[in-house]
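Here is a short briefing on one protein chain. Look over the sequence and the model first.

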Amino acid sequence: TSVNLKAGGKKRRVVKLDVYHPQIEGRMKKRGRKKSRGGLSADEGTPSKKCRSTAVHDGTLGELLIQCGYSLTLNHSPNQLKVDQIVFQRDLETALTRHPQYPDVLDVFINELLEYLDEPDHLKYSLFPTETSAQCDESARGGSQECLIKLLLGVDTVQLRVAKMLLHKLPEFTSDNR
């Protein structure tokens, strides 16, 4: 089943999961949120943490990455690339510039990426080398390729936005390590 949300004037489809996760429930109680029902926070009407990670595959970010051969994994394993990294970068550049909502799609893409990277495990695996999928043709460089962040820094249309996003996320690392 799915729930349609209207965020920022645009409808987004969020997959509803009926999975209980004690850590997520504990975090929500600490933050003073009510228990979520159907993937929505009872007090906010926004996707809950357990649902937010699956929503990325239904958004612009997930659609474009999958279309270009990149799979974001949600099960604590490295992300996968089905094509060579240069082919991925070229295809993503083309998909972004030919998108019907260009140039607005760039902001949506970066916002969804930022939302995805808010989860510590997602950020960690986006900075680790990308695994080459078994479905990849023989043109790939080997068993692993560049990380998602480095791949995105090689795409001209989003390069500056990704760099700015990384600079904004940098203080999170320095404050966590103290």
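Predicted model: local features only at pLDDT ≥ 70, side-chain atom pairs only at ≥ 80, totals over all residues.

Residues are numbered from 1 along each chain as its sequence is written, and side-chain values use heavy atoms, leaving out hydrogens and water.

**Whole chain**
- The chain has 8 helices and 6 strands; these are DSSP runs (helices H or I, at least four residues; strands E, at least two), numbered from the N terminus.
- From the N terminus, the order is β-β-α-α-α-β-β-α-α-α-β-β-α-α.
- Of the 178 residues, 38% are buried (under 20% relative accessible area; exposed is over 50%, partly exposed in between; 1.4 Å probe, protein chains only).

**Helix α5**
- Helix α5 covers residues 104–117, which is 14 residues.
- Its first and last C-alpha lie 20 Å apart, close to the 20 Å expected at 1.5 Å a residue (1.5 Å times one less than the number of residues).
- Buried residues in α5 include V105, F109, L113 and Y116.
- Down the axis, the buried residues of α5 fall within an arc of 165 degrees, so they line one face; the arc uses directions from the helix axis to the C-beta atoms.

**Residue S71**
- S71 sits in strand β3, residues 70–71.
- S71 is buried, at 19% relative accessibility.
- Leaving out residues up to four places away in sequence, S71 touches N79, Q80 and K82 (heavy atoms within 4.5 Å).

**Cysteines**
- The structure holds 0 disulfides (pairs of cysteine sulfur atoms within 2.5 Å).
- C68 is buried at 3% relative accessible area, and C147 is buried at 12%.
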